2 protein chains.
Amino acid sequence: MTYCAAIRLKDGMIFASDTRTNAGVDHISTFRKLYQYGIEGERFMVLQTAGNLATSQAVFTKLQNAINQRHEHNLHTVLTLFDAAQMVGECMREITTQAQNIAGDSNSGTFTSSFMLGGQIKGQPPELYMIYPEGNCIRATQDTPFFQLGESKYGKPILDRSVQYQTEVRHALQALLLSFDSTIRSNLSVGMPIDLVVYHNDSLTLPTGRRIDEEDEYFNHIRQQWSEGLRQTLKELPDSPEDYWQ
Amino acid sequence: MTYCAAIRLKDGMIFASDTRTNAGVDHISTFRKLYQYGIEGERFMVLQTAGNLATSQAVFTKLQNAINQRHEHNLHTVLTLFDAAQMVGECMREITTQAQNIAGDSNSGTFTSSFMLGGQIKGQPPELYMIYPEGNCIRATQDTPFFQLGESKYGKPILDRSVQYQTEVRHALQALLLSFDSTIRSNLSVGMPIDLVVYHNDSLTLPTGRRIDEEDEYFNHIRQQWSEGLRQTLKELPDSPEDYWQ
């Protein structure tokens, strides 16, 4: 399985993906599920995925090849983020349909993937899209500033509680890392390292990104402090329901 | 959907179930999914369910009828909790198979339910069972002191973090209520009121139980204090990953 999350805030965007893939519990591997595209000063994009790894890798490869081979339509030439999301959706549909046809089962869900695409093109606002296995997509809004893919439920409460469109980037980043911590603690199919990209709106620079592993000092510091804070908060809760439940 | 959780601790057991059922988002109702059985001073049992409501209600009804009509084998006559769990499993299989046969689809998952059964019979240790749709069951141990049914993922991290076999009943109760709070905030298909039963081991009394609604003062107090504590903990986390991520 997989856990990916992406947040679009007033001041920036944050993208994070785990790297664990599994075909059964005895076949676990580490694969990157987050890729970055862009042209310094002109455009910046991050593409994340969950689902069938063969489909996802084929999509990443085709999109990258189109850039390398300077196809007329590629992620570096599309005019809008929406066009980019459409391009990802079409590419995915093509690959999924091909795999379904070869398998002789046009309705098989085995070969499907989902994607999230976020970024900014010069002169346009930053945008974040969720691209469904059917190839269509929805856009994040101020009301709904984050999307998740894969094993999303364990890590949703902390994001629901603490991330709004106005939230500062550094605070949303903390909430996002804690969302990964909760997921990794509760579900074996999601694992470290985590690929992370933080983008500051209108900078149009390509962030270096970061791979967070078990040794990461910041991640370990905040997950420890978070655990400690939760323990302390629990301890301070009123002890006796009997005082209330007469 | 449904959210049920049950915890077996060194000193007691806690059972909680939400009451929302839905067949589509425009068909939402309130149904009890937790029932209590027992004989004061002799045995105490709680049965909880998630899944097909018709199957679940039929199981509850049959088990209750067997008690009322003084069948030879009923929940008030079985010798062990394990026998009780087997009885629930067999009753459920019978009802599910009947519904599948009438529908003409012996593999249909539409009619399946799951159950949790916990309690104590005089002279025996307290036990907690998870009963699968297939009719077989597993028992909670010191290593795995709690079970969940239904929409379990949102509320699992808080239990994973704070409930062990040695945990005091009052602290586990708080964690359980917060687990419900997280689930209800993040998933519309789980809703108040919550049916709650707290049992103190070896008391062999039948607890009155409690229905917690939106107005419940204790629940609101701890969910507010929890939110406040989380906010405060988040605020105190080290702000700048830059200090760590050179």
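**Two chains and their contacts**

Mentor: To begin, 42 residues of chain B are in contact with 42 residues of chain A, where contact means heavy atoms within 4.5 Å.

Trainee: What kind of model is this, and how are things numbered?
Mentor: This is a predicted model, in which local features need pLDDT of at least 70 and side-chain atom pairs count only at pLDDT 80 or more, while totals for chains, interfaces and linings use all residues. Residues are numbered from 1 along each chain as its sequence is written, chains are lettered from A and ligands numbered from 1 in the order in which they are written, and side-chain values use heavy atoms, with hydrogens and water left out.

Trainee: OK. What area is buried between chain B and chain A?
Mentor: About 4,100 Å², and carbon and sulfur atoms give 61% of that. Buried area is the accessible area (1.4 Å probe) that two parts lose on being put together, summed over both.

Trainee: How many salt bridges are there between chain B and chain A?
Mentor: Four. A salt bridge is a side-chain nitrogen of Lys or Arg within 4 Å of a carboxyl oxygen of Asp or Glu. One salt bridge joins the side chains of Asp181(A) and Arg161(B), at 3.2 Å from N to O.

Trainee: Which parts of chain B supply the side that touches chain A?
Mentor: Helix 3 (156–162), helix 4 (169–186), strand 12 (210–212) and helix 5 (217–236) of chain B each supply at least two residues. Helix 5 of chain B gives the most, with twelve residues. Helices (H or I, at least four residues) and strands (E, at least two) are DSSP runs, numbered from the N terminus.

Trainee: And by class, what is on that side of chain B?
Mentor: There are 18 nonpolar, eleven polar and 13 charged residues on the side of chain B that touches chain A. Ala, Val, Leu, Ile, Met, Phe, Trp, Tyr, Cys and Pro count as nonpolar, Asp, Glu, Lys and Arg as charged, and the others, Gly among them, as polar.

Trainee: Why do the copies meet through the same surface?
Mentor: Because 100% of the interface residues of chain B are also interface residues in chain A.

Trainee: Changing topic: how many salt bridges does the structure hold over all chains?
Mentor: It holds 30. In one of them, Arg211(A) pairs with Asp195(A), the closest N and O atoms being 2.8 Å apart. Arg211(A) lies in strand 12 (residues 210–212) of chain A and Asp195(A) in strand 11 (residues 194–200) of chain A, so the pair ties together parts that are 16 residues apart in sequence.

Trainee: Is Asp195(A) buried or exposed?
Mentor: Asp195(A) is buried, at 1% relative accessibility, and Arg211(A) is partly exposed, at 38% relative accessible area. Buried means under 20% relative accessible area, exposed over 50%, partly exposed in between (1.4 Å probe, protein chains only).

Trainee: What about a salt bridge in chain B?
Mentor: The side chains of Lys62(B) and Glu94(B) meet in a salt bridge of 3.1 Å, N to O. Lys62(B) is in helix 1 (residues 53–68) and Glu94(B) in helix 2 of chain B, so the pair links distant parts of the chain, 32 residues apart.

Trainee: Where does Thr96(B) lie?
Mentor: Thr96(B) is in helix 2 (residues 81–103) of chain B. Thr96(B) is buried, with a relative accessible area of 0%. Not counting residues up to four places away in sequence, Thr96(B) touches Thr55(B), Phe111(B) and Thr112(B).

Trainee: Last topic, the backbone. Which residues does a cis peptide bond join in chain B?
Mentor: Met192(B) and Pro193(B), with omega about -10°. Pro193(B) is in the loop between helix 4 and strand 11 (194–200) of chain B. In chain A, the peptide bond from Met192(A) to Pro193(A) is cis, with omega near -5°.

Trainee: And what is the phi of Arg70(A)?
Mentor: Positive, about 50°, although Arg70(A) is not a glycine. Arg70(A) lies in the loop between helix 1 (53–68) and helix 2 (81–103) of chain A, and counts as exposed at 74% relative accessibility.
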